[in-house]
Amino acid sequence: MDLLEAMEGRKSIRAFREEPVPREVIEELLRYASRAPSALNLQPWEVVVVSGRRKEELSRRLLEAYRRRRIGCGPGMAVPLPIRFSRRISKMVDKMGPSVKAMGHSLDDFVNEGSCNFYGAPVALLLLMDEVFPKGRLVDLGIFLGYLLLAAHALGLGACPIGLITSYEDVIREALAIEGKRVIVGVALGYPDPESPINLVRTDREGLEEFATFLGA
Ligand SMILES: Cc1cc2nc3c(=O)[nH]c(=O)nc-3n(C[C@H](O)[C@H](O)[C@H](O)COP(=O)(O)O)c2cc1C
């Protein structure tokens, strides 16, 4: 698949077939993702691949914590969002709403509980970074995530980044016996369910005039 085609075609997948993802395919995916650039070639990312019973147990604990603490998906801002950003969230909600309704869920439950359950994907990836690294190295993890999402798409897999679970980092650390590392983001990974209405959603992007400034010539 052409790279630009992959960049245009990739989207978050939130419904998966039951079919497991073979270990060799996951390894191939991670090898592609690890071609991501990083400052000083530090490659500060670490990935925990969770499937089967371990994934069920992790999801169970996350769901239980979510139902107790009710911290859902949100922009995580201390101050109110400027209007142009909250408008973007509304647009995304408008795109997803009808599909979620057609599936018989409320959007809040679908997204929050779905995220805790990695949307039923057979594989959950957890992207970690050693606590020795400063915040600046999160950029490297972000690029790694981008590479991983594009490679997943090119390999015929579906993926959805899951940031919500970082609100339950303590639960993840305990479930997976993680020490000395931060949980940066999760990823739901599997083969897309082509029948599910939620996988037909394609989000918009703002035009260049919203985010690009040209100075000089
Ligand atoms: C860092 C990050 C965290 C995200 N966290 C979640 C999440 O917790 N749950 C979820 O359903 N989607 C999550 N998403 C997916 C975004 O909602 C999605 O990327 C965005 O709406 C654009 O849609 P697209 O990926 O289909 O292009 C996350 C995306 C990123 C990059």
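In what order do the elements of the protein run from the N terminus on? Before I answer, please keep in mind that what we are looking at is a predicted model.

Starting at the N terminus, the elements follow the order α-α-β-α-α-α-β-α-β-α-β, and the count for the protein comes to 7 helices and 4 strands.

Let me turn to the overall dimensions. Along its principal axes, the C-alpha trace of the protein spans about 55 × 50 × 40 Å. A compact globule with 217 residues would have a radius of gyration near 17 Å, and because the protein has 18 Å, the value agrees with that expectation. As for the interior, buried residues make up 28% of the 217 residues. If we take the contacts in the protein with a separation of 6 or more, residues 24 or more positions apart account for 86% of them.

Now to the ligand, which I expect will interest this group. The ligand is surrounded by 13 residues, and the closest are K11, S12, P161, G163 and L164.

What is the division of the shell residues into nonpolar, polar and charged? The shell around the ligand holds 8 nonpolar residues, 4 polar ones and 1 charged.

Notes:
Residues are numbered from 1 along each chain as its sequence is written. This is a predicted model: local features need pLDDT of at least 70, side-chain atom pairs count only at pLDDT 80 or more; totals for chains, interfaces and linings use all residues. A residue is near a molecule or strand if its C-beta atom, placed from the backbone, lies within 6 Å of it. Ala, Val, Leu, Ile, Met, Phe, Trp, Tyr, Cys and Pro count as nonpolar, Asp, Glu, Lys and Arg as charged, and the others, Gly among them, as polar. Helices (H or I, at least four residues) and strands (E, at least two) are DSSP runs, numbered from the N terminus. The radius of gyration is taken over C-alpha atoms; the globule rule is 2.2 Å times the number of residues to the power 0.38. A residue is buried if 20 or more other C-beta atoms lie within 10 Å of its own, exposed if 12 or fewer, and partly exposed in between; C-beta atoms are placed from the backbone. Two residues are in contact if their C-beta atoms, placed from the backbone, lie within 7 Å.
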